[in-house]
Amino acid sequence: MGLRGVRGRLTLGILGVLAVVLVVAGVLVARDVDRSERQVLDDRLRRTAELSRATAVTAVQQGLPDVDRRLDAVLRATRSSLRLAIGTTVLLQSGTPLPAHERPRLGFGTVTIAGTRYRTYAETLRDPGLGGLVRLEVATSLEELESRQASLRRRLALLGAAILLVAGAGVWLAADLVLRPLRRLRAATAGIESEGDLERAVPVRGPAELRALAGSFNAMLARLARSADDRNRALDATRRFAADAGHELRTPLTSVQATLSTIARHPDMPAEQREELAREALAEQRRLVELLDSLQALARGDAAPLDRAEVDLGELVDASVGAAAARHPGTAIAAEAPPEPVACRGWEPGLRIMVDNLVENAARHGRAGGRVRVTLHGAENGRGPAIEVDDDGPGIPQAERERVFEPFQRIDGDAGDERPGSGLGLALVAQQARLHGAAVSVADSPLGGARLRVEFPA
């Protein structure tokens, strides 16, 4: 990946920070050295002026050439110059000669003379023997000092460049070691992506941050695997549901079609036989309508409506039992409920579908002319309300008690039932129980048949 990868960016980032630090440090060092050397130079100029003051005045007053020569030798050795003047009249010029220039200011100063920079020091002397105020000027070239400063800056630049090169190589190699576990993680994830194996986990090793990343990635893979399994199960259930729905719809439609074809082919059929066939076709049509209604209710329940409110289960059980008793006048259907309201927060149409199908299942599959008992229990002892529906039919075998809640599932013996159902009643019960956080179970009934119990959360 080169410099575009994490390794390259990490190296460039660290080198950038190090370069800034080196530049700032180099500037500070160069300035400090320059300040120190200039301070030394200024001290030397001042001492030169102090030491040369009396010698120069004596040489001028008494005209001593030997003194003048010794002073000139000392000044040339330090590449300095001295000038003693009254006004514009130069009394003494000694040391390294300077080109003509303007008179520098008193104290320390920096002037440029003929392209060369000089450091100057000037003061005034009062000497009656020389006729008044005398100006003493000492100057020295900054060429050597500035040359040393330029050389220092070059050495600092070269040293900084060497440090950056060494640091860059070190960071590049260190980044390779640091990122090696990340490359292993990337290789593992690439393998998972190419194979599509969500059950495969990536290795959890390396630094703490990388272990945390690998753990989070494994947790994500586990969730994706569960989601994929759920999706596959949902797709399988949908395909199975569509196939079963087509089969269940085809049976009554085929029966109605056969009955109507028989009536159409035999117009001289006796009236009693015609009426019997018409009743069979009407029964199949009602079964078809019931099946379509159940499918619609099942689909509406899967939409998980959110308009929930407080529902009195006592009123709901009474209404459901009354409607079932009207549909099955030959069956004794009774309800037992507490005198006080039993509240449950939920979707009222869904709860009504659940209770209706519980009662309808008991009435349809119970003994002909038998009994159905619906018992409502209020919340007590930290448990939520519960609804129990008992019948006196053949019951549900232990091995079938999980399967009966799947769509279009019928237990052995239903095929010959004179009142066949849609095969969706208990599937609707399980669906609404799940949507309301309730648990539905099957047990043996004291009446001799089956007991279906729905218990709501506290």
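1. The structure, which is a predicted model, holds 2 cavities of 30 Å³ or more, a cavity being a set of points on a 1 Å grid over the protein atoms alone where a 1.4 Å probe fits but cannot get out. Each volume is the space filled by probe spheres set on the points, with grid points joined across faces, edges and corners.

2. The largest cavity has a volume of about 80 Å³, and its lining (residues with an atom within 4 Å of a point) consists of Ser81, Leu82, Arg83, Gln93, Leu98, His101, Pro104, Ile113, Thr120, Glu137, Val138 and Ala139. By class the lining divides into 6 nonpolar, 4 polar and 2 charged residues, where Ala, Val, Leu, Ile, Met, Phe, Trp, Tyr, Cys and Pro count as nonpolar, Asp, Glu, Lys and Arg as charged, and the others, Gly among them, as polar.

3. For the second largest cavity the volume is about 40 Å³, and the residues that line it are Pro181, Arg184, Leu185, Pro203, Arg205, Leu210 and Ala214. Helix H3 (143–195) and helix H4 (208–265) each give two or more residues to this lining, with the largest share, 3 residues, coming from H3; the classes are 5 nonpolar, no polar and 2 charged.

4. Helix H6 (residues 313–327) packs against helix H7 (residues 348–365) at an angle of about 45°, with the axes 9 Å apart, axes being lines fitted to C-alpha atoms over the stretch in contact and angles running from 0 to 180 degrees between N-to-C directions. The contact (heavy atoms within 4.5 Å) includes Leu316 and Ala323 of H6 and Leu351 and Val355 of H7, and its residues divide into 9 nonpolar, 1 polar and 5 charged.

5. The axes of H7 and helix H8 (residues 425–435) come within 8 Å and cross at roughly 145°. Gly350, Ile353, Met354, Asn357, Leu358 and Asn361 in H7 meet Gly425, Leu426, Leu428, Val429, Gln432 and Ala433 in H8, a contact with 7 nonpolar, 5 polar and no charged residues.

6. On conventions, residues are numbered from 1 along each chain as its sequence is written, and side-chain values use heavy atoms, with hydrogens and water left out. Local features need pLDDT of at least 70 and side-chain atom pairs count only at pLDDT 80 or more, whereas totals for chains, interfaces and linings use all residues.

Conventions:
Helices (H or I, at least four residues) and strands (E, at least two) are DSSP runs, numbered from the N terminus. On a 1 Å grid over the protein atoms alone, a cavity is a set of points where a 1.4 Å probe fits but cannot get out, and a pocket is an open set with protein on both sides within 12 Å along at least five of seven lines; lining residues have an atom within 4 Å of a point.
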